[in-house]
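Dear colleague,

I am passing a structure on to you, and below it I have written out what was found, one part after another. Please keep the structure open while you read.

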Amino acid sequence: TLKERQRLLPYWNTLWWAASAEPSEAGLPIVRPLWLTYGAGADGGDGDAPTNATAAAEELQELLSMEFSWTLGADLLVRPIVTEERERVQGAGGGTPTYLPGPAASAVWFSVATGARLAGGGWHDVPTPLNTTAVFQRGGSIIPRRRRVRRSALMAVWDPISLEVAPDAAAHASGRLLLDDGESVLSVGGAALLRLAFACDAAGGAAGSDGGVQRVSVDAATG
């Protein structure tokens, strides 16, 4: 929805910057088919690419058949419903499946709508009412977003930013964020750009850590 796009503008801006400035992502599209993000030789940003050649080939063939799922960057997977009058993205044997990539033994995904933890490397039956699009956050990622929806991006420049922390199977997560003033025309290497990197390690049993998605609020600087 348009509101969700506005909330995710910090993430979109970071992806645009990475596509133009990060050598490992230069030229990559922001919206990607699953095979490009998680196909043979790709690790989706979590270092979990299949090491077995046969398993990698099988995974690639599976991903090549995914015509309707796509990723926003490497950390958000979207599975819209494209069949008339269907309210569930159904698993094997029930119609259109949702496939979450990655090694079954270690890959973790979280439903953005419900926070449910789902294993990668398999199919899932996901309820999708008319007001919901099936979106999943990769375990091991930190997604920046604004909870407050404004009528324009300029009005939201000084609003707090939430970091959605989705731990992987080892309770680790990392992410990044690019900030600017929302007005200036800046070069990629401009000093007015603020580049931030985040990391989280909940393996030691940090307070509030239950293996689910955690939210951290970051207030914008006023100086």
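In which helix do Trp-12 and Trp-16 both lie, and how many residues apart are they? The model is a predicted one, and in it both residues belong to helix α2 (residues 9-21), where they sit four residues apart, about one turn of the helix.

The count of aromatic pairs comes to three. One of them is formed by Trp-12 and Trp-16, whose centres are 5.6 Å apart with 40° between the planes, and this pair is tilted. Trp-16 has a relative accessible area of 42%, so this residue is partly exposed, a class that runs between 20% and 50%.

Another pair is that of Tyr-38 and Trp-109, with ring centres 5.8 Å apart and planes at 65°; because planes over 60 degrees apart count as edge-to-face, the pair is given that name. This pair links distant parts of the chain, since Tyr-38 is in helix α3 (residues 34-38) while Trp-109 is in strand β6 (residues 108-111), 71 residues apart. Tyr-38 is buried, with a relative accessible area of 6%, and Trp-109, at 1% relative accessibility, counts as buried too.

Finally, please look at Arg-138, which has its place in strand β10 (residues 134-138). Its relative accessible area is 5%, and because buried means under 20%, Arg-138 is classed as buried. The side chain of Arg-138 is joined to the side chain of Asp-75 by a polar contact of 2.8 Å.

Notes:
Residues are numbered from 1 along each chain as its sequence is written. This is a predicted model: local features need pLDDT of at least 70, side-chain atom pairs count only at pLDDT 80 or more; totals for chains, interfaces and linings use all residues. Side-chain values use heavy atoms; hydrogens and water are left out. Helices (H or I, at least four residues) and strands (E, at least two) are DSSP runs, numbered from the N terminus. Buried means under 20% relative accessible area, exposed over 50%, partly exposed in between (1.4 Å probe, protein chains only). A polar contact is a pair of N or O atoms within 3.5 Å; within protein, one must be able to donate a hydrogen and the other to accept it, and residues adjacent in sequence count only if both atoms are side-chain atoms. Rings of Phe, Tyr and Trp (its six-membered ring) pair if their centres lie within 6.5 Å; planes under 30 degrees apart count as stacked, over 60 as edge-to-face and the rest as tilted.
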